[in-house]
Amino acid sequence: MKLLGIGSRINHVEYGKGVVTNISSKHYWVTFLENGLETIDIDSDFEVIEALEGDVDSVSFFDVESSLVKILEKWSDTHEKVAMADKWKGGKLILDPADATASKEIPIDTFFHKIVMVRDRIRVMEQKINSSKNLDDQEKVDLQQYITRVYGSLTSFNILFKNKSDSFVGERKG
């Protein structure tokens with residue numbers, strides 16, 4: 001079976017007439033007149049109205065992007081997996097205003113993810129400060145002290161972390 005090129009027109013049994021707009025090793029992305037964008041299996045049942053040929057890259061942009069994300073997650077220092085304490089999984093954070101207006105519920109998982117993102121971004125900022133060629137040593141020390149205070153302000157959220165090693169650590173006493 002020869003793959004259709006981008007721009008080929010088809011008539012699909014379920015979705016009707018459409019144009020192939022992207023191709024992967026297993027799927028066609030087709031924009032249908034009546035149903036919009038749908039992904040169909042390459043070997044699904046459809047009639048070819050007009051086949052366009054050309055060099056078809058069987059790796060889609062989505063496949064490349066997914067691979068790149070996996071590589072970055074594996075090798076990046078800024079996106080490590082951090083476990084939330086089991087007792088909080090599936091829980092919710094409830095913000096209840098004093099004036100009896102509607103309260104707000106947030107899944108703790110979502111809140112935890114945002115806290116971890118803040119921590120990761122502070123770490124990146126810390127690395128950039130420490131490696132900066134534009135700051136002198138005293139400026140680096142001053143900024144590092146601010147970062148330490150930020151970590152100290154975030155220690156209230158340590159209860160959410162499963163592993164103590166993932167927790168925020170502020171200024172140490174003594």
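## Ground rules

Because the model is predicted, local features need pLDDT of at least 70 and side-chain atom pairs count only at pLDDT 80 or more, while totals for chains, interfaces and linings use all residues. Residues are numbered from 1 along each chain as its sequence is written, and side-chain values use heavy atoms, with hydrogens and water left out.

## Overall layout

Let's start with the fold. The chain holds 3 helices and 7 strands, where helices (H or I, at least four residues) and strands (E, at least two) are DSSP runs numbered from the N terminus. Along the sequence, these elements come in the order β-β-β-β-β-α-β-β-α-α.

Of the 174 residues in the chain, 25% are buried. Here buried means under 20% relative accessible area, exposed means over 50%, and partly exposed covers what lies in between (1.4 Å probe, protein chains only). The areas themselves come from the Shrake-Rupley method.

## Salt bridges

Side chains of opposite charge can pair when their charged atoms come close. With a salt bridge taken as a side-chain nitrogen of Lys or Arg within 4 Å of a carboxyl oxygen of Asp or Glu, the count comes to 6.

Asp86 takes part in two of the pairs described here. Its side chain meets that of Lys89 at 3.1 Å, N to O, and that of Lys162 at 3.5 Å, N to O. The pair of Asp86 and Lys162 links distant parts of the chain, 76 residues apart: Asp86 sits in the loop between α1 (61-75) and β6 (92-95), and Lys162 in the segment after α3. Relative accessible area is 46% for Asp86, 48% for Lys89 and 44% for Lys162, so each of these residues counts as partly exposed.

Glu105 forms a salt bridge with Lys92, with the closest N and O atoms 3.6 Å apart. Glu105 belongs to strand β7 (residues 104-107) and Lys92 to strand β6, so this pair ties together parts that are 13 residues apart in sequence. Glu105 is partly exposed at 47% relative accessibility. Through shared partners, salt bridges join Asp86, Lys89 and Lys162 into one network.

## A negative patch

Which residues form the negative surface patch? They are Asp136, Asp137, Glu139 and Asp142. Patch residues have over 30% relative accessible area and no salt bridge, and like charges are joined within 9 Å. Asp and Glu count as negative, with the charge placed at CG of Asp or CD of Glu.

Glu139 is found in helix α3 (residues 137-153). With a relative accessible area of 35%, Glu139 is partly exposed.

## Two polar contacts

A polar contact is a pair of N or O atoms within 3.5 Å; within protein, one must be able to donate a hydrogen and the other to accept it, and residues adjacent in sequence count only if both atoms are side-chain atoms. In helix α2 (residues 108-131) lies Asp120, whose side chain makes such a contact with the side chain of Arg119 at 3.3 Å. Asp120 is buried, at 7% relative accessibility.

Ser132 lies in the loop between α2 and α3. A polar atom of its side chain is 3.1 Å from the backbone nitrogen of Asn134. Is Ser132 buried or exposed? At 18% relative accessibility, Ser132 counts as buried.

Conventions
Patches are made of residues with over 30% relative accessible area and no salt bridge: like charges are joined within 9 Å, nonpolar side chains (Val, Leu, Ile, Met, Phe, Trp, Tyr) within 5 Å. Accessible areas come from the Shrake-Rupley method with a 1.4 Å probe; for residues, only the protein chains shown count as cover.
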